[in-house]
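Good morning, and thank you for the time on the agenda.

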Amino acid sequence: MSHNLPTLLQVNNLVKDFPIREGVFRRVAGSLRAVDRVTFSIDEGETLGLVGESGCGKTTVGRAILRLVEPTAGLVIFSGDDLLSLSPREMDERRTNMQVVMQDPISSLDPRMSIKDIVAEPFVAHGRLKGQALRDRVAALLEMVGMAPQHLWRYPHELSGGQRQRINIARAIALSPRFLVLDEPTSALDVSVQAQILNLLADLQRDMKLTYLFISHDLSVIKHVSHRIAIMYLGRVVEIGPVDEVYDNPAHPYTQTLLAAIPAIDLDRKRKRFLISGEMPSALTPPPGCHFHTRCPLVQETCRRVEPAKATIGKEHSASCHLLR
Amino acid sequence: MRLIEVLIRRRSSLNSFRDTHAHQLRELRFILHQLRRSPLSLAGIGIILTLVCLAVFAPYIAPYPGDAFYDMHPDKKLLAPQKGHWLGTDDFGRDMLSRIVFGTRLSLMIGIYVTGLAVMVGVPLGAIAGLSGGRLDEVIMRVTDIFLSFPPLVLAMAISAALGPNLINAIIAISVTWWPWYTRIVRGQTLSLREQPFIEVARALAVSKRRIVFRHLIPNSLAPVTVQASLDVGYAILWTAALSFVGLGAKPPVAEWGLMIAIGRRYLPDSWWYATSPGLAIMITVLGFNLLGDGLRDVLDPRLRR
């Protein structure tokens, strides 16, 4: 990736707390920190892969950037605009520039709407096109995502999983956005269909100069699509860097264990093999110090008390671990 | 030549209608197929269709159409059921059968108006409450609680009495007590729907709240509303008859079933047919809508499907 491209999205110390309510009066009894001071940036035309186990907060990051959930604190700068300071109406004006494709293709489509109405909705909602022009545009969008015009009058439940996801993508790119949050867009699909959808996304990125935040737990998919990746653990980004750097030279013990867990036919693998046991701790009671210390094979005394600072490993590559000091 | 062209054009527009609405047609056919397998709901549909025919063709079916309005025949007063007056006559010598047939018109209209008004008010309010949550939700739901905490018939009587007793006001009064049920049904539906990804995507597209409510939330919560509405048409008829019975609805000489029972009651037990025939008419009508509602519930409830 060349580095002279302008930054499209800058996320600084993003925090999202969910209140926990208890008892008859729904009193706020505490809070769950789903996203803990997450910082990253994405350049124009780039794909940032966001990886982590389920429940680590990666989906919440995507939703918070789009303000589908309101972040608790932090800064989101999109194309020069401070999104979190905008009024809902001002935010709505910018929404045409940023769209989302969600994990479950069927529940992302209104079961009572035909494919034509679903793909036309962005235009209708913004009063952009009407009548024949609208129909032509919708047909063109279907073609862009590899669907035939005869699908126009079908309903979501009549399509296959891959076709449904194509419709989701067609709707997402309808208003020619600059930025897409792809929230596990392929994890509900068969492997062969996954590849088609990934290729489609790559083609669209090239043709429409799209910028992606690609959220996934699938490391092989992430490696295939991303320019840079960020690894999340329990609400925090533990390592971020260019994809090849991170895969060849993982710095954080958690990244190392993750990469070691990729199933691969690699008989003489050179990688160090780490195995971790147990579950990710509950976000309700995150461990003090480094969040990973409860499962880290290299845990030290400081890890249990002090939160590690970010350490620079290489160009654009950094990780948060005491061992890197 | 022209005629053929017109016919061809009509045929092709029919075909394109078939294409664009293939899904709805299939759905409709499926519903009809399901209904056909349930004899009770078929009976309900049969009753309702018969009533609709009676209502539409009342002037042709009723033997003495004028008797439903201002005709009087003092010489034929309170005749027992007999040839020529199959359900007897009332205290003004009017043919009961004719008045009941014309009463069908009124009753169906009442049922549809009351249910329609209740749906039009209750459904959007429920969707708005469920979608917005927070304070607006609280306000709407507490208001519906206030309405639901009154005995509905008492409330309807009070409203009708306050507005001035006539049939239109009775319809309004009953609608006012009725909408909260729809608000609750739709709010419940909306609460589960609004967590659905397609609603979140719509928000990401900056689709207006109004459009989310009317294009996404309401169409997706209509199945239970349809069931409730088909049951309610029957109850609305029953209740309006009740209001008329206590003198807070239709006024003589309107041929309204509840009013006919109220007057006929005075001639019991000697002229038993006077109060009995409109009573049976009400019973059969309510039964018809109940059977249809039950049948629709079985068909539209996805948990019971297949």
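**The sheet in chain A**

Chain A holds an open sheet of 4 strands in the order β2-β1-β4-β5, with antiparallel pairing. Strands β2 (27–43) and β5 (81–82) of chain A are at the edges with a single partner strand each, so one side of each has no neighbour in the sheet. Helix α1 (residues 58–65) of chain A packs on this sheet, where it touches β1 (7–22), β2 and β4 of chain A, and its direction makes about 110° with that of β1(A).

Some conventions are in order. This is a predicted model, in which local features need pLDDT of at least 70 and side-chain atom pairs count only at pLDDT 80 or more, while totals for chains, interfaces and linings use all residues. Residues are numbered from 1 along each chain as its sequence is written, chains are lettered from A and ligands numbered from 1 in the order in which they are written, and side-chain values use heavy atoms, with hydrogens and water left out.

Helices (H or I, at least four residues) and strands (E, at least two) are DSSP runs, numbered from the N terminus. Two strands pair if DSSP finds at least two bridges between them; contact means heavy atoms within 4.5 Å. Axes are lines fitted to C-alpha atoms, for helices over the stretch in contact, and angles run from 0 to 180 degrees between N-to-C directions.

To return to the strands, β1(A) and β4(A) pair in the antiparallel sense over 5 bridges, with Q10(A) opposite I77(A) in β4(A). Strand β4 (residues 73–78) of chain A pairs with β5(A), also antiparallel, over 2 bridges, and here F78(A) stands opposite D81(A). These two strands, β4(A) and β5(A), form a hairpin with 2 residues between them, and S79(A) in the turn has a positive phi of about 55°.

**The nonpolar cores**

A nonpolar core is a set of buried (under 20% relative accessible area, 1.4 Å probe, protein chains only) Ala, Val, Leu, Ile, Met, Phe, Trp, Tyr and Cys residues joined through side-chain atoms within 4.5 Å. Which residues touch the most other members of the largest core? Among its 158 residues, they are F40(A), I65(A), F179(A) and L213(A). Helix α13 (residues 272–300) of chain B supplies the largest share of this core, 11 residues. Another core, of 6 residues, lies apart from it and includes A58(B) and F102(B).

Beyond its neighbours within four places in sequence, L213(A) has contacts that include F40(A), I65(A) and F179(A).

Notes. Buried < 20%, exposed > 50% of the residue type's maximum accessible area, 1.4 Å probe, protein only.
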